[in-house]
Structure formats: structure tokens, C-alpha cells
Amino acid sequence: WFRTPFLLCVSVIAMFFIISYFRKTTAEQWLLRLALALVMGGAIGNFLDRVRLGYVIDFIDWHWYDKATWPTFNVADSAISVGVVLMLLEMAFEARRKKA
């Protein structure tokens, strides 16, 4: 009874944070904007699944015969992961720009 409402609240708070952070960025920060858009899209996708079904549908399951299995995930999870990696790259690029 606690998990779904809690995760819905966390999702809404995260989406508001992403929107407010996006509004503070400039047009030159295109990589950061792209990353935030991917994270926002993934958050919305998972939020809608959770509202509609009470849980998130994970449907991509990779495995190598019966020897190795990759964790199951969905497109929204992929968008969030790629967005976070892009944010890390933007932080590295920004640190390099400040040094130069």
C-alpha cells in the first residue's frame, strides 16, 4: 500500500525538479537539455505505467542461453540511463571548458 503512492510522489517531485532545472539552462547547453529531456520522458513513461497499472512494465529481457542474464528493463528505463550518461558527459565537458 505504501510503495506505489510513494514512488508516484517521488516521480512527480523529480519531474518538477527536471522542469525547473531545464528552464535554467541556456541554448548552448544542448547536451544537458537533451539529457534532461530523455530523463523526463523516461520518468513520464514509468509514471504513466505506475498510475495505470500500479507497477512498471519491464519487457526487454536479454539473456545468453541459460548462462548469463541482463536485468530486465523497458524503453523508459533506457531513456533515463542514456540521459544520466549524457549528463555525466556534460559535466565532464563543462569541467574541461572551465580549465581552458
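**Reading the model**

Modeller: Let us begin with Tyr55, which counts as partly exposed at a relative accessibility of 46%. A residue is termed buried under 20% relative accessible area, exposed over 50% and partly exposed in between, with a 1.4 Å probe and protein chains only. The model is predicted, so local features need pLDDT of at least 70 and side-chain atom pairs pLDDT 80 or more, while totals for chains, interfaces and linings use all residues. Residues are numbered from 1 along each chain as its sequence is written, and side-chain values use heavy atoms, without hydrogens and water.

Biologist: Where is Tyr55 found, and with which residues is it in contact?

Modeller: A contact means heavy atoms within 4.5 Å. Tyr55 is placed in the loop between α2 and β1. Once its neighbours within four places in sequence are left aside, Tyr55 is in contact with Asp49 and Arg50. As for Val82, 27 residues from Tyr55 along the chain, the two C-alpha atoms are separated by 22 Å.

Biologist: How many helices and strands does the secondary structure comprise, and how do the elements run from the N terminus?

Modeller: Such elements are DSSP runs numbered from the N terminus: helices are H or I of at least four residues, strands are E of at least two. The protein has three helices and two strands, in the order α-α-β-β-α from the N terminus on. Its radius of gyration is 16 Å, well over the 13 Å given by the globule rule for 100 residues, so the protein is more spread out than a compact globule. That radius is taken over C-alpha atoms, and the rule is 2.2 Å times the number of residues to the power 0.38. Along the principal axes, the C-alpha atoms fill a box of roughly 50 × 35 × 20 Å.

Biologist: What percentage of the residues count as buried, and how much accessible surface does the protein have?

Modeller: Of the 100 residues, 23% count as buried. Accessible areas come from the Shrake-Rupley method with a 1.4 Å probe, and for residues only the protein chains shown count as cover. The accessible surface comes to about 7700 Å², and carbon and sulfur atoms account for 70% of it. Among contacts between residues at least 6 apart in sequence, 51% join residues at least 24 apart.

Biologist: Which residues does Phe47 touch?

Modeller: Phe47 lies in helix α2. Not counting residues up to four places away in sequence, Phe47 touches Leu8, Ser11, Val12 and Met15. The C-alpha atoms of Phe47 and Leu7 are 8.4 Å apart, although 40 residues separate them along the chain.

Biologist: How should I read the charged side chains, and how many salt bridges are counted?

Modeller: Side chains of opposite charge can pair when their charged atoms come close. A salt bridge is a side-chain nitrogen of Lys or Arg within 4 Å of a carboxyl oxygen of Asp or Glu. By this rule there are three salt bridges. One of them joins Arg52 to Asp49, with the closest N and O atoms 3.3 Å apart. These two residues are three apart in helix α2 (residues 30-53), and are thus separated by about one helical turn. Arg52 is exposed at 58% relative accessible area, whereas Asp49 is buried at 15%.

Biologist: Which residues are linked in a network of salt bridges?

Modeller: The network links Glu90, Glu94 and Arg97. Arg97 meets Glu94 at 3.0 Å between the closest N and O atoms, and Glu90 at 3.8 Å, N to O. Arg97 and Glu94 lie three residues apart in helix α3 (residues 75-99), about one turn of the helix. Arg97 is partly exposed at 46%, as is Glu94 at 27%. Glu90, also placed in helix α3, is buried with a relative accessible area of 7%. Besides Arg97, Glu90 touches Gln29, Leu31 and Leu32, residues up to four places away in sequence not being counted.

Biologist: What is the phi of Tyr65?

Modeller: Most residues other than glycine have a negative phi. Tyr65 has a positive phi of about 50° although it is not a glycine. Tyr65 lies in the loop between β1 (63-64) and β2 (68-69), and is exposed at 60% relative accessible area.
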